[in-house]
Amino acid sequence: MTTPVRIAFLDRDGVINQYLPGEYVRTPDELVILPGVVDAIKALKDAGWQVAMVTNQQGIGKGFMTPADLDAVHAKLYAALDAVDARIDAVRVCPHLAVAACSCRKPKPGMILDIAAELGADVRNAVFFGDTDSDAAAARAAGVAAFHLILGGKRTAEDALQTKYFPTPPDGVFPDLLSAVTSLLQASNI
Ligand SMILES: [Mg+2]
Ligand SMILES: [Zn+2]
């Protein structure tokens, strides 16, 4: 029996790095990787998961930063992962303005479905870790197995209980990515 391809989808701002309300992370110095994130991604990789990052970066569409600026920001993250022999396997960025009504910007599921196709995975074997209702909506629209809300980003524990934000409640609510991943891996190792 072959093991199905399992994907952990991660939002970026508020999950991997510190969320800056009303601001964009434009330079590597502004990318503050949250505690435990490198360990969490390493644990996923060691457990055989594919790890994907899907992020809306409207700051590019607004002209506040260039794709090259974003590459420099992400290079800092990749270097931190490389230092522990971990990595992110697939990345999608939506650079478009919200008004552009593209098919990739969350809450649409385009980036999730695109990566699942690339990695040859059934989205039912995927989970999503996000900090917003937009992440949850994208995850639900794509049909992933579970959406886990990471606190400390855009939405609070009180928001998690509100159907106006989460018509379907999050499957888990965690203070940070590492605790969420630890819980996931314990559950799926049974
Ligand atoms: Mg976020
Ligand atoms: Zn887009």
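Student: What covers the buried residues of α3?

Tutor: This is a predicted model. In it, the cover over the buried residues of α3 includes α1 (37-46), β2 (50-56), α2 (58-61) and β3 (90-94).

Student: Which residues of α3 are buried?

Tutor: L70, V73, H74, L77 and L81 are buried in α3.

Student: What puts them on the same side of α3?

Tutor: The arc they cover around the axis is only 95°, which puts them on the same side of α3. An α-helix has 3.6 residues a turn, so residues three or four places apart point the same way.

Student: Which exposed residues does the opposite face of α3 carry?

Tutor: A68, D71 and D82 are exposed on the face turned away from the buried side of α3.

Student: How do you know what span to expect of α3, residues 67-82?

Tutor: The expectation is 1.5 Å a residue, which gives 22 Å for the 16 residues of α3. From first C-alpha to last, α3 reaches 22 Å, close to that value.

Student: Why are α1 and α6 called roughly parallel?

Tutor: Their packing angle is about 20°. The cut-off for roughly parallel is under 35 degrees. α1 and α6 are therefore roughly parallel to each other. Their axes lie 8 Å apart, and the crossing is left-handed.

Student: Which residues make the contact between α1 and α6?

Tutor: From α1 come V37, D39, A40, A43 and L44. From α6 come L177, L178, V181, L184 and L185.

Student: Which residues of α6 are buried?

Tutor: The buried residues of α6 are L177, A180, V181, L184 and L185.

Student: What makes them line one face of the helix?

Tutor: Seen down the axis of α6, they fall within an arc of 125°, so they line one face. They pack against β1 (7-10), α1, β4 (126-130), β5 (146-150) and β6 (172-174). The face of α6 turned away from the buried side carries Q186 and A187, both exposed.

Student: What span does α6 reach?

Tutor: α6 has 12 residues and reaches 16 Å from first C-alpha to last. That is close to the 16 Å expected.

Student: Which residues of α4 are buried?

Tutor: M111, I112, I115, A116 and L119 are the buried residues of α4.

Student: Why do they line one face of the helix?

Tutor: They line one face of α4 because they fall within an arc of 135° seen down its axis. Their cover includes β1, β2, β3, β4 and α5 (133-142). After α4 comes G120, with a positive phi near 65°.

Student: Why does M65 count as buried?

Tutor: Buried means under 20% relative accessible area. M65 has 3% relative accessibility, so M65 counts as buried. M65 sits in the loop between α2 and α3. Leaving aside residues up to four places away in sequence, M65 touches Y24, V25, R26, Q57, G59, I60 and L70. The C-alpha atoms of M65 and T27 are 8.9 Å apart, although 38 residues separate them along the chain.

Student: What makes P21 exposed?

Tutor: Exposed means over 50%. P21 has a relative accessible area of 61%, so P21 is exposed. P21 lies in the loop between β1 and α1. The C-alpha atoms of P21 and K154, 133 residues apart along the chain, are separated by 7.7 Å.

Student: Why do D85 and A101 count as exposed?

Tutor: The same cut-off of over 50% applies. D85 is at 61% relative accessibility, so D85 counts as exposed. A101 is at 57%, so A101 counts as exposed too.

Student: What is the phi of D85, and what is that of A101?

Tutor: Phi of D85 is near 60°. Phi of A101 is about 55°. Both values are positive, and neither residue is glycine. Most residues other than glycine have a negative phi. D85 lies in the loop between α3 and β3, while A101 is in the loop between β3 and α4.

Student: Where is the cis peptide bond, and what is its omega?

Tutor: The cis bond joins K106 and P107, with omega about 20°. P107 is in the loop between β3 and α4 (110-119). Most peptide bonds are trans.

Terms used. Residues are numbered from 1 along each chain as its sequence is written. Chains are lettered from A and ligands numbered from 1 in the order in which they are written. This is a predicted model: local features need pLDDT of at least 70, side-chain atom pairs count only at pLDDT 80 or more; totals for chains, interfaces and linings use all residues. Side-chain values use heavy atoms; hydrogens and water are left out. Helices (H or I, at least four residues) and strands (E, at least two) are DSSP runs, numbered from the N terminus. The expected span of a helix is 1.5 Å times one less than its number of residues. Buried means under 20% relative accessible area, exposed over 50%, partly exposed in between (1.4 Å probe, protein chains only). The arc is that of the directions from the helix axis to the C-beta atoms. Contact means heavy atoms within 4.5 Å. Axes are lines fitted to C-alpha atoms, for helices over the stretch in contact, and angles run from 0 to 180 degrees between N-to-C directions. Angles under 35 degrees count as roughly parallel, over 145 as roughly antiparallel, 65 to 115 as roughly perpendicular and the rest as oblique. A crossing is left-handed if the near helix is turned anticlockwise from the far one by less than a right angle, and right-handed if clockwise.
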